[in-house]
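Me: I have some questions about how this chain is built. Please keep the answers brisk.

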Amino acid sequence: MCGIVGYIGTKKAVPVLINGLLSLEYRGYDSAGIAVLENDLIKVVKDKGRVKNLQDNPEIDKILGNIGIAHTRWATHGEPSKVNSHPHLDNSGKFSVVHNGIIENYSILRQKLIDNGYKLLSETDTEVIPNLIHMNYNGNILEAVSKTVKELEGSFAIEVISPLHPDEIIIVKKDSPLVVGVGENENYIASDIPAILAYTSNFYFVGENEIGVIKDDSITFYDVNLNEIKKELKSIEWDAVSSEKNGYEDFMLKEIYEQPKAVRETIGQRMSSDKVKLGLDDVDFSKFNRMYIVACGTAMHAGLASKYAFEKFCKIPTEIDMASEFRYRDPLIDNQTLCIFISQSGETADTIAALKLAKEKGATTIAVVNVIDSSITRVADHTIYTHAGPEIAVASTKAYTCQVVLLNILAANIAELLGNTSDELNDFKQSILALPDKLKEVLDTDEIMKSYAEKNYMKKDLFFVGRGADYAVSLEGSLKLKEISYIHSDAYASGELKHGPIALIEKDTPIIGCATNPSIAAKTISNLEEAISRGGNALLVTNQEIHNDKISDIVTIPDIHPMLSPVLSVVPLQLFAYHIAKFKKLDVDKPRNLAKSVTVE
Ligand code: F6R
């Protein structure tokens, strides 16, 4: 959580820093600040509130310097307030630091500083960093930073500036993302590519425990013991426009509408010929007798929605787990276990920890990730990328559909490598190729979902039900609604309603059913009728021909192989959540209390 930006060059730093922060607000938005070097001084402007407040602060326009660091915060230690905002200064005012991550041993370090006469002004973990740098400083800032980071436990992406070293920014990273964008006589630093994509498409991805010295005309990387290391410069194809709203009112709506394109790009050349190509031909899949799919939140729902294809076509028992649970439950893992980790950001702390655990126990690991070169990709044995493009809205939409598609492609690929040549598998692959066009059609449900949202946006409780893959989609629909509309909702396997939750149904309680599998659709509809008999008002998302005058709204979506229907049926639910939040006049892209990239446990 939190986003950081840095600039060094010939331009005025402030506009670059503010632009970068605005695009990083999805990582946190409770306070923001900048520090710029100017005339042997560090000028700091910071406060609680959004980046817009910082931008409107009259002090900000007076800052003319060309070297600066900036931060947008998602509070971990200490409430959102001016004093807790970043950047933080050491007691001498000579070192300024922004930090994304958590310093787990900060209490011990805090005490050590206090014992050495330092005064800590904020409640943050970060403030120990500039003071430790000061304590370790002996004329060489690089040595002071290296010594300091050896004392830190936890996760961090850090930028440091000092008027004692007025032509450089020192950066260091462990378990929190950091990229350096390369320009001509200027360089950029950010937590994520979109923040600086308008200025460059050439990036260094800072590795674990790497320290960088960023000057306007040079970039040098070191390991934590200050041995110089060579890194590869990478070109990124994403265009700056894809990180902008492009005429849409919100990023979330834009991203919902981008799904046909994102899925088409995720399928890419991987499915164009008879064989699926994912670059995994060297893996001996025949040795696996168990499989886990592990992720958090929406990514975990993508795993739940895709499990069926692995069991059906690969015949490998497959369990889905939340990363935060998996790592603490001593899962049965050995070298005959295949573990798949799903993550849009590639930076989720729980998922990284679960991945490390699986590797330690001897599993083969495959990561399904959207952000190129992110932390998870560097730990997993194999990575396959969704090509969703940058996802800016905090609530995930296009990343989810691309994850479900890629997981199903992976299941088809493993099945083929295991010798499955069945007609059913071939039909399944053809259905995957049909998804982008069907996704375009399903976007036509926008109007009906908007009118259902208008009828229900004042409701306090809402329920989603389905069976099998439709249950997985119900969980995702319910999460989307909670996240951005703040309406309480729950999702149930529809057969479970009668075992308790039906007690919650009263007059006009909205209940959304999803029924796309012809073999069990009728059962879900019966369960909906049970709720309707108790006063519930039902909407049904289905690809079946249904004649039922008790269900008040029926939303028809295109027909598809039942195992792929989550890619389509989720779209009306995304649109429903979106319109509810709009009717409630909420900030759709930046819901309260959330951040896009969850780098804390
Ligand atoms: C919900 C949402 C979150 C993420 C979860 C995992 O809309 O976006 O539930 O899915 O925090 O994030 P990643 O996929 O980045 O690991």
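Me: Among contacts in the protein chain between residues at least 6 apart in sequence, what percentage join residues at least 24 apart?
Reply: This is a predicted model, where local features need pLDDT of at least 70, side-chain atom pairs count only at pLDDT 80 or more, and totals for chains, interfaces and linings use all residues. Residues are numbered from 1 along each chain as its sequence is written, and side-chain values use heavy atoms, with hydrogens and water left out. Contact means heavy atoms within 4.5 Å. Of the contacts between residues at least 6 apart in sequence, the share joining residues at least 24 apart is 72%.

Me: How many helices and strands does the protein chain have?
Reply: Helices (H or I, at least four residues) and strands (E, at least two) are DSSP runs, numbered from the N terminus. The count for the protein chain is 17 helices and 25 strands.

Me: What is the radius of gyration of the protein chain, and what does the globule rule give?
Reply: The radius is taken over C-alpha atoms, and the rule is 2.2 Å times the number of residues to the power 0.38. For 601 residues the two values are close, so the chain is as compact as a globular protein of that length. The C-alpha trace spans about 80 × 55 × 45 Å along its principal axes. The radius of gyration is 25 Å, and the rule gives 25 Å.

Me: Is Thr266 buried or exposed?
Reply: Thr266 sits in helix 7 (residues 259–267). Beyond four places in sequence, Thr266 touches Thr386, His387, Ala388, Cys402, Leu406 and Ile409. Ile409 in turn has Ile267, Met271 and Val276 among its contacts. Its relative accessibility is 0%, so Thr266 counts as buried.

Me: How far apart in space are Leu568 and Leu435, C-alpha to C-alpha?
Reply: Leu568 belongs to helix 17 (residues 565–583) and is buried at 0% relative accessibility. Leaving aside neighbours within four places, Leu568 contacts Leu435, Lys438, Leu439, Val442, Ile557, Pro558 and Ile560. Leu568 and Leu435 are 133 residues apart in sequence, yet their C-alpha distance is 8.0 Å.

Me: Which residues does Thr220 contact, leaving aside neighbours within four places in sequence?
Reply: Thr220 is part of strand 13 (residues 219–222). At 18% relative accessibility, Thr220 counts as buried. Its contacts are Ile211, Gly212, Val213 and Glu228.

Me: Is the peptide bond from His86 to Pro87 cis or trans?
Reply: Pro87 lies in the loop between strand 4 (67–73) and strand 5 (88–89). Omega from His86 to Pro87 is near -5 degrees, and the bond is cis.

Me: What is the phi of Lys315?
Reply: Lys315 is in the loop between helix 8 (297–314) and strand 17 (318–322). Lys315 is exposed, with a relative accessible area of 66%. Its phi is positive although Lys315 is a residue other than glycine, with a value near 60 degrees.

How values were computed:
Buried means under 20% relative accessible area, exposed over 50%, partly exposed in between (1.4 Å probe, protein chains only).
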